[in-house]
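Subject: Structure handover

Hello,

Here is the structure for your files. My notes on it follow below.

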Amino acid sequence: AKVESEHAFFIRHPMEPSVKIYWLFDAPHLLKCTRNHILKHKEVQYAGETARFIYYKRMYDLEKKNHFRRAFKLTESHIHPTNFEKMNVGKAAQLLSDSVAHAL
């Protein structure tokens, strides 16, 4: 199937060109996949930059005993999640949140 333009959100069915097949993105699943990739491979590259998981861990270890923390959303389960916690969309969103990014 051929994409009709650079920004198309559908393709034509290869056997029935009058039928459009639309792309659907599952944002929660993409958040979890991104977080799990960082956990597994310890880094991810985006837009020419590299994000390393060690920075999240170091920041959490430095701040966890402080009463006032810049990365106040992070907990032990964000840094060392169980298999069940890896399915939690909220934890992935918090780890990849704007406030945690600013704290880094």
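A contact here means heavy atoms within 4.5 Å. Of the contacts in the chain with a separation of 6 or more, 41% are between residues 24 or more positions apart.

This is a predicted model, in which local features need pLDDT of at least 70 and side-chain atom pairs count only at pLDDT 80 or more, while totals for chains, interfaces and linings use all residues. Residues are numbered from 1 along each chain as its sequence is written, and side-chain values use heavy atoms, with hydrogens and water left out.

The chain has five helices and four strands (DSSP runs numbered from the N terminus: H or I of at least four residues for helices, E of at least two for strands). Starting at the N terminus, the order is β-β-α-β-β-α-α-α-α. The chain is more spread out than a compact globule, because its radius of gyration is 19 Å, well over the 13 Å that the globule rule gives for 104 residues (taken over C-alpha atoms; the rule is 2.2 Å times the number of residues to the power 0.38). Along the principal axes, the C-alpha atoms fill a box of roughly 60 × 30 × 25 Å.

Buried residues make up 22% of the 104. Leu30, in helix 1 (residues 27–41), counts as partly exposed because its relative accessibility is 45% (buried is under 20% relative accessible area, exposed over 50%, partly exposed in between; 1.4 Å probe, protein chains only).

Regards
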